[in-house]
Amino acid sequence: MTICSIQILGRRIPYSEQTRAGRLAAPVLTVVVAVGLTLGAGQSANRVAAIHQQVVFADMHAHPSHFHRANVSRIEPDELARYRRGLIDVVVCSISTDAPFSGDYVKRDGTEVKRGELQRPRPGELFAFTLDRFARITRTVDDGDAVLATSPEAVLDAKQQGRLTLLAALEGGDGLEARVDNLRDLYRHGLRLLQLVHFRANELGHIQTYPYSPGGLTPFGREVVHEANHLGIIIDLAHANTETIMDALKESSQPVLFSHTGVKALHEGDRYLADDEIVAIASKGGVIGIWTNGESNPTMDEMVRNIDYVKTLVGIDHVGVGSDLRGMASYTREFGEDANFQAIAEALLAHGYSDSEAGKVMGGNFFRVWQQVSASAQR
């Protein structure tokens, strides 16, 4: 048994990394249980606010203001205000670095590259596209409207000041252009999360959607996983096929995420996770992000049903929320275009979740993984 600790709002809360049926079962965030017991059953908004005082709330995957594809200079203030109203502390801002291959984005000069227009990016173009989108995150920070989430400590400091943090992320490692030095360069810019693949099989691994291709993690993918562990970059396996998931879990010394998905046992389709994939990710200490997808989760009850499934299968320590905001055609009704994250927390409480359990889903589990990844890199 390894004794560790988690820091939440300046407090150090010890926990044990134990395995139960091969799964991590660390009892984190139990500090919030007593808070909820003092509140009436009808005061769900107050209960959520009390939980939020003790726990970091996180959106594990998003494209706020459609910054990754639209011709914008930064993330819009109105979008940031939605996150603040939703009590979110840290937003994972994801750059889809395969866009120069697939289209559906607007260049800086206003030229629209339509979806499906086959492109052949020139050498250096993918990395330049990535840096351009990255600059939209840092511009938002430079304008003073948010804080760059370069470490768990930076998020805690910002939370104490009532400020929102933005965590820079890649959705697909295509923008690395098969050079690990580019990963190191992006880390120096502030990159802290790497999703290995998106909508094309790339130099790192293979995807779960059409066009299907056999195979798992590539030799370069293995190198990137090791370097991400070394640097303290969170690995996200969203969009990866089963072989790539299992290979990455073998190679990574740290827990990983699958940031935005649903349960395949409840939904037909490629984008969802089978039970064995959920168990494997949880066994490594990782977290499954349930998304606010209006097609598969039209109501909040349906979204909670997915969360319930993961909780029953592998435990409450392995489920979170990845909205995919501005990355989908429709959203869960109660969440909506206005991104009502509080509706998720209130639904969890209404379905009998304790304050501690709701806090874990709303971001505590994600933050625990990031703290572990960061601490390991520092060691």
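Tutor: Let's start with a charge on a ring: arginine 200 lies over the face of phenylalanine 101, 3.7 Å from the ring centre. Here "over" means that NZ of Lys or CZ of Arg is within 6 Å of the ring centre and within 35 degrees of the ring normal. Lysine 311 does this too, sitting over the face of tyrosine 353 at 4.3 Å from the ring centre.

Before going on, keep in mind that this is a predicted model, where local features need pLDDT of at least 70 and side-chain atom pairs count only at pLDDT 80 or more, while totals for chains, interfaces and linings use all residues. Residues are numbered from 1 along each chain as its sequence is written, and side-chain values use heavy atoms, with hydrogens and water left out.

Now rings with rings. A search of the whole structure turns up 8 aromatic pairs (rings of Phe, Tyr and Trp, the last by its six-membered ring, with centres within 6.5 Å; planes under 30 degrees apart are stacked, over 60 edge-to-face, the rest tilted). Take phenylalanine 367 and tryptophan 370: their ring centres are 6.2 Å apart and their planes meet at 85°, so this pair is edge-to-face. They are 3 residues apart in helix α13, which means about one helical turn separates them (helices are DSSP runs of H or I, at least four residues, and strands are runs of E, at least two, numbered from the N terminus). Phenylalanine 367 and tryptophan 370 are both buried (under 20% relative accessible area; exposed is over 50%, partly exposed in between, with a 1.4 Å probe and protein chains only). Elsewhere, ring pairs join Tyr83, Tyr331, Phe335 and Phe341 into a cluster.

Lysine 360 meets aspartate 317 at 2.8 Å, N to O. That pair links distant parts of the chain, with lysine 360 in α13 (residues 355-378) and aspartate 317 in the loop between α11 and β15, 43 residues apart. Both lysine 360 and aspartate 317 are buried.

Another bridge joins aspartate 145 to arginine 74, 2.7 Å from N to O. These two are 71 residues apart, each in a loop. Aspartate 145 counts as partly exposed because its relative accessibility is 31%, whereas arginine 74, at 12%, counts as buried.

The count comes to 22 salt bridges, and Glu79, Arg82, Arg85, Arg326, Glu337 and Asp338 are linked in a network of them.

Note on methods:
A salt bridge is a side-chain nitrogen of Lys or Arg within 4 Å of a carboxyl oxygen of Asp or Glu.
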